[in-house]
Amino acid sequence: MARIVMKFGGTSVADLDRIKNVARHVKREVDAGHEVAVVVSAMSGKTNELVGWVQGMPKVIGANSPFYDAREYDSVVASGEQVTSGLLAIALQAMDINARSWQGWQIPIRTDNAHGAARILEIDGSDIIKRMGEGQVAVIAGFQGLGPDNRVATLGRGGSDTSAVAIAAAVKADRCDIYTDVDGVYTTDPRIVPQARRLKKIAFEEMLEMASLGAKVLQVRSVELAMVHKVRTFVRSSFEDPDAPGMGDLLNPPGTLICDEDEIVEQEVVTGIAYAKDEAQISLRRLADRPGVSAAIFGPLAESHINVDMIVQNISEDGSKTDMTFTVPSGDVEKAIKVLGDHKEKIGYDVVQNESGLVKVSVIGIGMRSHAGVAATAFRALAEKGINIKAITTSEIKISILIDGPYAELAVRTLHSCYGLDKN
């Protein structure tokens, strides 16, 4: 017998028939004798609909400002998961399974006060553990918790993944199964590279890089929590027949296991290729090369919640001037340029330039720590395809390369092939 947390995303619970299918997945684990908790997202499209209502209300009223109270935003958008949890509990009860729905505040899942993007601080799993021990399935509304102001607080888009991993850590689950519309984590996007392979295992660190660099399989925060608390996490497909061979395998179910790197016996040099579109590059020309100039640039950007990624600095021959180039999401370009303009006197640059429509392609693998020449292989392969590199950043287990947008798919296919990821 094991203790399992199962999470089902929006496409998995998109309508009543799919919720019935989810209930069959849960029943399989219950019939095997496992203690089960389930975390659910809102039905596909419902959160977008709820967000649209919130954003539309000030316009309907004719308010002078498009802004709204984030606490009321959370009150509205958290209702989507409440509906799903109740419907799944009803489906399970109809299958003669003892089940009860739970909202985030009932457990409670304690969060900070950042409404709309709250972070989980603490979960008291004692009541859930007690009820699981009595044979009851807890069906928990994901994406939500209870803020210090005693109001519902949501965790940001994709937050149900984070809810599931956090609950798995709180109840000391043997594993956390993330059911989605894909059957695992692939070496790259199969829509771009048909030869992409599903990985049997991937290390927490690799998955964290993949998620933060463009892979959409899991929310970044959920992977961080899984790594900190050592929660063995399986990415699985909810669209496979719940009773298909191997689906009930406790140790090796179909899908991809995200785990500690010590569990991975054969480590590849490169595990996968990720990409992120809609990157933009901003360059500040002829800055004074003096202490504090970087803080003068990136401090105001951080205060404005603008995420800066790749940073490149060039020094003039006489050492008096420097150029600073960095990347931000394309949607933040105008905001970033305004912030820089407001602080131009303090920063001391001559001119600001920007370019949108860029793509960041990343090579990821824990095996890179002990192998030389990984970066050179990427640069050589891209050069042979005539792809110009605009910026480069590296870490122990990743290389990120900024290129022009039209070359994105060619670059992904080229890198996937040059590291042998096409091969079985």
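In which loop is the place of D96? In this predicted model, D96 is placed in the loop between α4 (79-94) and β3. Its phi is near 65 degrees, a positive value in a residue other than glycine, and D96 counts as exposed because its relative accessibility is 74%, where exposure requires a value over 50%. Most residues other than glycine have a negative phi, and most peptide bonds are trans. A positive phi in a residue other than glycine is also found at D278, where the angle is near 60 degrees. D278, however, belongs to strand β13 (residues 272-288), and with a relative accessible area of 54% this residue is exposed. With regard to peptide geometry, the bond that joins I107 and P108 is cis, with an omega of about -10 degrees, and P108 lies in the loop between β3 (99-102) and β4 (109-111).

As regards the chain as a whole, 13 helices and 18 strands are present. The radius of gyration is 24 Å, close to the 22 Å that the globule rule gives for 424 residues, so the chain is as compact as a globular protein of that length. Taken along the principal axes, the box filled by the C-alpha atoms has dimensions of roughly 80 × 60 × 35 Å. Of the 424 residues, 49% are buried, and among contacts with a separation of 6 or more, 75% are accounted for by residues 24 or more positions apart. The accessible surface comes to about 19,700 Å², and carbon and sulfur atoms contribute 49% of this area. The chain carries 46 positive and 56 negative charges, the mean positions of which are 1 Å apart.

The largest nonpolar core comprises 43 residues, and those with the most contacts inside it are V5, I128, I140, I167, C176, M207 and M210. Two or more residues are given to this core by each of the elements β2 (35-40), β5 (120-123), α5 (126-133), β6 (137-141), α6 (159-170), β9 (175-180), α7 and α8 (220-229). Apart from this core lies another, of 22 residues, which includes L382, A408, L415 and L421. When neighbours within four places in sequence are left aside, I128 is in contact with W102, I107, A138, I140 and V171; I107 is also the residue joined to P108 by the cis peptide bond.

In strand β17 (residues 391-395), the residue T393 counts as buried because its relative accessibility of 18% falls under the 20% limit. Not counting residues up to four places away in sequence, T393 touches M310, I311, K398, I399 and S400.

Notes
Residues are numbered from 1 along each chain as its sequence is written. This is a predicted model: local features need pLDDT of at least 70, side-chain atom pairs count only at pLDDT 80 or more; totals for chains, interfaces and linings use all residues. Side-chain values use heavy atoms; hydrogens and water are left out. Helices (H or I, at least four residues) and strands (E, at least two) are DSSP runs, numbered from the N terminus. Buried means under 20% relative accessible area, exposed over 50%, partly exposed in between (1.4 Å probe, protein chains only). Contact means heavy atoms within 4.5 Å. The radius of gyration is taken over C-alpha atoms; the globule rule is 2.2 Å times the number of residues to the power 0.38. Accessible areas come from the Shrake-Rupley method with a 1.4 Å probe; for residues, only the protein chains shown count as cover. Lys and Arg count as positive and Asp and Glu as negative; His and the chain ends are not counted. The place of a charge is taken as NZ of Lys, CZ of Arg, CG of Asp or CD of Glu. A nonpolar core is a set of buried Ala, Val, Leu, Ile, Met, Phe, Trp, Tyr and Cys residues joined through side-chain atoms within 4.5 Å.
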